[in-house]
Amino acid sequence: SVGQAKIITDNMLMSAAEALVNCITSEELERGCIYPKLSMIRHISLEIACAVIQTALEDKVVKGGSRAAEILEEQGLDALK
């Protein structure tokens, strides 16, 4: 794993779920979709991964100097919100 976290916290799971929901467009919601388009899987996966990494850093299950923090920086995100 990128951050080499030994555990997955409840907060990390919640971040993954929230990131997935945030990837659903309003048009998809109006059509009754509960998941975003599969054609967006790469973008969605990146969004979820970044959210989980950020939470793992906040929960201190990965170190700030790890590859995890570098990935967030590459995506223009703060390692710690």
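Author: Lysine 60 is found in the loop between H3 and helix H4, which covers residues 67-74. The model is predicted.

Reader: What is the phi of lysine 60?

Author: Phi of lysine 60 is near 60°, a positive value in a residue other than glycine.

Reader: Is lysine 60 buried or exposed?

Author: The general idea is a cut-off on relative accessible area: over 50% is exposed, under 20% is buried. Lysine 60 has a relative accessible area of 69%, so it is exposed.

Reader: Now the overall fold. How many helices and strands does the protein chain have?

Author: The protein chain has four helices and zero strands. Read from the N terminus, its elements run α-α-α-α. Of the 81 residues in the chain, 30% are buried.

Reader: What share of the contacts joins residues at least 24 apart in sequence?

Author: Among contacts between residues at least 6 apart in sequence, the share is 54%.

Reader: Which residues of H1 are buried, and where do they sit around the axis?

Author: The buried residues of H1 are Met12, Ser15 and Ala19. They cover an arc of only 55° around the axis, which means they are on the same side of H1. On the other side of the helix, Asp10, Leu13 and Val21 are exposed.

Reader: What do the buried residues of H1 pack against?

Author: They pack against helix H3, residues 41-58.

Reader: How should I read the geometry of H1 and H3?

Author: Take the approach of the axes, then the angle, then the handedness. The axes of H1 and H3 come within 8 Å and cross at roughly 150°. Angles over 145 degrees count as roughly antiparallel, and H1 and H3 are therefore roughly antiparallel to each other. The crossing in which H1 passes H3 is right-handed. On the H1 side, the contact is made by Asn11, Met12, Ser15, Ala16, Ala19 and Leu20. On the H3 side, it is made by Ile44, Glu47, Ile48, Ala51, Val52, Thr55 and Ala56.

Reader: Which residues of H3 are buried, and what covers them?

Author: The buried residues are Ile44, Cys50, Ala51, Ile53, Gln54, Thr55, Ala56 and Leu57. What covers them includes H1 and H4.

Reader: Take threonine 55 in helix H3. Why does it count as buried?

Author: Its relative accessibility is 6%, and buried means under 20%; threonine 55 therefore counts as buried. Leaving aside neighbours within four places in sequence, threonine 55 is in contact with Asn11, Met12 and Ser15.

Reader: Where is isoleucine 7 found, and what does it touch?

Author: Isoleucine 7 is found in the segment before H1. Not counting residues up to four places away in sequence, isoleucine 7 touches Met12 and Val61.

Reader: How many residues apart in sequence are isoleucine 7 and alanine 56?

Author: Isoleucine 7 and alanine 56 are 49 residues apart in sequence, and their C-alpha atoms are 9.2 Å apart in space.

Notes: Residues numbered from 1 in each chain as written. Predicted model: local features only at pLDDT ≥ 70, side-chain atom pairs only at ≥ 80, totals over all residues. Heavy atoms only, no water. Buried < 20%, exposed > 50% of the residue type's maximum accessible area, 1.4 Å probe, protein only. Helix = DSSP H or I, 4+ residues; strand = E, 2+ residues; numbered from the N terminus. Arc of directions from axis to C-beta. Contact = heavy atoms within 4.5 Å. Axes fitted to C-alpha atoms, helices over the stretch in contact; angles between N-to-C directions. Parallel < 35°, antiparallel > 145°, perpendicular 65-115°, else oblique. Left-handed = near helix turned anticlockwise from the far one by under 90°.
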